Amino acid sequence: MARTYNWQIQREMSYWYPESRPQRQFAAVFDINKCIACQTCTLACKTTWTSGKGQEYMLWNNVESKPYGFYPLAWDLKLLKLLGPQEWHGEVYAGRTLFEAAPAGTRVLGWRPDDQDYAYPNVGEDDCAGVIEKGASFDIPHLAWFFYLARICNHCTYPACLASCPRGSIYKRKEDGIVLVDQSRCRGYRECVQACPYKKTFFNPLTGTSEKCIACFPKFEQGLQPQCFANCIGKIRLAGWISKPEQASPDNPIDYLVHIRKVALPLFPQFGLEPNVYYVPPIHAARPFLHQMFGPQVEQAIETYRRAPDDPDLAGLLGLFGCTERVVPRWLREKDWVVGAAEDGTELVRVPLKEPVYIRAAFDTQYQVARVNCP
Amino acid sequence: MRDIRHLLLLSLSIALLASSACRKPAPPPPTEVVLFSAADVPLDPSHTAWQGALEFTAALIPQDLVEPRQLTPSTTAVRVRALTNGVDAAFRLEWTDPTANDLPGAARFSDACAVQLPSKIEATVPAPQMGEAGGAVEIVYWNAAWQAVVAGRSDSIKELYPNAAIDHYPFEAPSLQQSPASQQAMTTRYAPARAVGNPVAGPRTTAVQDLIAEGPGTITSAPATASRGQGVRTAAGWAVVIVRPLPKGLAANAPAQVAFAVWEGAHEEVGARKMRTDWIPLALRGNP
């Protein structure tokens, strides 16, 4: 085991390989508050990559309801139970990561889903965390709540799948940090399936190899966002690049949201993988649940997000989500407009800070008909 | 009364001594795997020719040197017979396994076995566990799931999950049926391991694969698989024949080493999680 630094837990930790960050790291921000679980992302991925024989059960992208939705079944609960209660001391994680808690003879603490665990991707869908009692008031956070959690591979800085593969069949690309299974080298040992805490590596029983989300790298290499981003009708996603915290640049949209405004947080940072998909936490869900899922900065992230209507920079950048298929590595606000730009400053997209509102008269005098308001 | 008792004891002792003098002493168990000469090497594990080869029982130990380690033992021994026709070397492996595991799945593992020899027959042998840098080993790997496909199980999810419901595969769309080439191209695109020619990915025509390794974690496919193999279920477990080219340099006066490994699917054994032997002397000899 090597000693590496994980900024998400603000301490050194043990990892199977020495720290080796890519030249640039693919990253994404998902705004949970805007997700409606339409599963368009799921289908965009499914039809693009996993419509083959042996891939029937695979959802490289899935959206599950929390707290009672899972794919595969109880993926997070099982691992949290295996890991046991752990502590944060402020923003420093004082517990054990999955690498530090690895049982004897293994490299990562993990578990392997059974076939049946994948069979119910919609289990728990729209199930509330509690029942609404008579006299309940409507407040934030809600007394009874659920939220939608869209998930892809996190293309982690310290991937557990990569660490666990005994024959080095999984690699992290130097040019973009995307984590891939070498399909010519994999022998289907399924160590990665067991090790990935997010359960985003899958075994193909007909080819006998493991497969996973590839961040649509053929698109990303051309400056285009992955399919699940480009097809998201809720415009909850933004793909780009993330810097190390000390190198954060305010004109980089991901850096701004993650490092500068700290409004987007990693999923289960305590696992120690430094995942690179960041979530704007749902404002209405129970804080202890969110604390467990997104770490100790969740209160601050929610407060910042709730102030966005009075924060034109933050609101403007959030409005840039889903407005172009192009990857937007730079952004700036020009008064009431937000501009997404290429690395060289070339304008890629321009959106208004606030969408104009047009109110039509209820009666159309030209055609002499009453107008009907349709959503 | 006492005299009669003495007489009876004396008679019994004489009878026992006489009996033991007539019985042939049991031959000592073989200390090496012997490749006996045979006109042909049968692929069928139940072929009578195998009765002509002396059986060697190899003790299996857990692979506990490299991660992921096998910490709890499973299969304890593999019984080996070996034949050669001067061109090929054939090994018949038989072991006890009450469960037949030949269905692949996320958490379903296949029974398997392997035969390992040094790439070069020389006085210095590489490390017994997958060889070492500069000391390559040749491995022939047999897998029960592959055997089932070779025996006729179709390449369909329905064979693995009979109750699976599949709406549609895009490459089976009616519009593509007039163009088998386009259909095949799209089918391959959705099977990336096949698209890049990974030999484990199929389509499968043999139950074995030739592999080369120079230490743990380095195993790689041989350029082509020249070996053959066939496994059958027995009343107690598996009997598998692996036929590979006779190692160059192996001669009566130049013995070699051989090692074996067995994977118990029910014990979730795969890859490094296995039961293995140490090197075992391998000798070439005439008929027993």
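At 31% relative accessibility, Arg333(A) is partly exposed, and its side chain forms a salt bridge with that of Asp313(A), at 2.6 Å from N to O. The model is a predicted one. Over all chains, the salt bridges number 36.

**Salt bridges in chain A**

- The Arg333(A)–Asp313(A) salt bridge links distant parts of the chain, since Arg333(A) lies in strand β15 and Asp313(A) in helix α10, with the two residues 20 apart.
- Asp313(A) is also partly exposed, with a relative accessibility of 28%.
- A second salt bridge joins the side chains of Lys66(A) and Glu64(A), with an N to O distance of 3.1 Å.
- Both partners of this second pair are buried: Lys66(A) has a relative accessible area of 0%, and Glu64(A) has a relative accessibility of 1%.

**Helix α7 of chain A**

- Helix α7(A) spans residues 253–260 and is mostly covered, as 7 of its 8 residues are buried.
- The buried residues are Pro253(A), Ile254(A), Asp255(A), Tyr256(A), Leu257(A), Val258(A) and His259(A).
- These buried residues pack against the strands β3 (25–31), β12 (237–242), β14 (277–280) and β15 (330–334), and against helix α10 (312–319), of chain A.
- Two of these packing partners, α10 and β15, also hold the residues of the Arg333(A)–Asp313(A) pair: Asp313(A) is in α10 and Arg333(A) in β15.
- At the start of the helix, a side-chain oxygen of Asn252(A) comes to within 2.9 Å of the backbone nitrogen of Ile254(A).
- Just after the helix, Lys262(A) has a positive phi of about 55°.

**A four-stranded sheet in chain A**

- An open sheet of 4 strands in chain A has the order β12-β3-β14-β13, and its pairing is mixed.
- Strands β12 and β13 (265–266) are at the edges with a single partner strand each, so one side of each has no neighbour in the sheet.
- Strands β3(A) and β14(A) pair in the parallel sense over 4 bridges.
- Within this pairing, Phe30(A) has Tyr279(A) in β14(A) as its bridge partner.
- Strands β12, β3 and β14 are among the elements against which the buried residues of α7(A) pack.

**Asn62(A), a buried polar residue**

- Asn62(A) is in strand β4 of chain A, which covers residues 62–66.
- Asn62(A) is buried, with a relative accessible area of 2%.
- A polar contact of 2.6 Å connects the side chain of Asn62(A) with the side chain of Lys200(A).
- Apart from neighbours within four places in sequence, Asn62(A) contacts Gln39(A), Thr42(A), Tyr71(A), Leu149(A), Ala150(A), Arg151(A) and Lys200(A).

**A nonpolar surface patch in chain A**

- Leu73(A), Tyr120(A) and Val123(A) make up a nonpolar patch on the surface, and together they have about 240 Å² of accessible area.
- Val123(A) is located in the loop between β6 (92–93) and β7 (147–151) of chain A.
- With a relative accessible area of 34%, Val123(A) is partly exposed.

**Strand β11 of chain B and its partners**

- Strand β11(B), residues 237–245, is mostly covered: 8 of its 9 residues are buried.
- Strand β5(B), residues 88–96, runs antiparallel to β11(B) and is joined to it by 9 bridges.
- In β11(B), Ala239(B) stands opposite Glu94(B).
- Strand β10(B), residues 228–233, also pairs with β11(B) in the antiparallel sense, over 6 bridges.
- The β10(B)–β11(B) pair forms a hairpin, with 3 residues between the strands.
- Arg228(B) has Val243(B) in β11(B) as its bridge partner.

**Salt bridges in chain B**

- The side chains of Asp88(B) and Arg228(B) form a salt bridge, with an N to O distance of 3.6 Å.
- This pair links distant parts of the chain: Asp88(B) is in strand β5 and Arg228(B) in strand β10, and the two are 140 residues apart.
- Asp88(B) is buried at 18% relative accessibility, whereas Arg228(B) is partly exposed at 36%.
- A network of salt bridges links Glu55(B), Arg79(B), Arg81(B), Arg92(B) and Glu94(B).

Note on methods. Residues are numbered from 1 along each chain as its sequence is written. Chains are lettered from A and ligands numbered from 1 in the order in which they are written. This is a predicted model: local features need pLDDT of at least 70, side-chain atom pairs count only at pLDDT 80 or more; totals for chains, interfaces and linings use all residues. Side-chain values use heavy atoms; hydrogens and water are left out. Patches are made of residues with over 30% relative accessible area and no salt bridge: like charges are joined within 9 Å, nonpolar side chains (Val, Leu, Ile, Met, Phe, Trp, Tyr) within 5 Å. Accessible areas come from the Shrake-Rupley method with a 1.4 Å probe; for residues, only the protein chains shown count as cover. A salt bridge is a side-chain nitrogen of Lys or Arg within 4 Å of a carboxyl oxygen of Asp or Glu. Buried means under 20% relative accessible area, exposed over 50%, partly exposed in between (1.4 Å probe, protein chains only). Contact means heavy atoms within 4.5 Å. A polar contact is a pair of N or O atoms within 3.5 Å; within protein, one must be able to donate a hydrogen and the other to accept it, and residues adjacent in sequence count only if both atoms are side-chain atoms. Two strands pair if DSSP finds at least two bridges between them.
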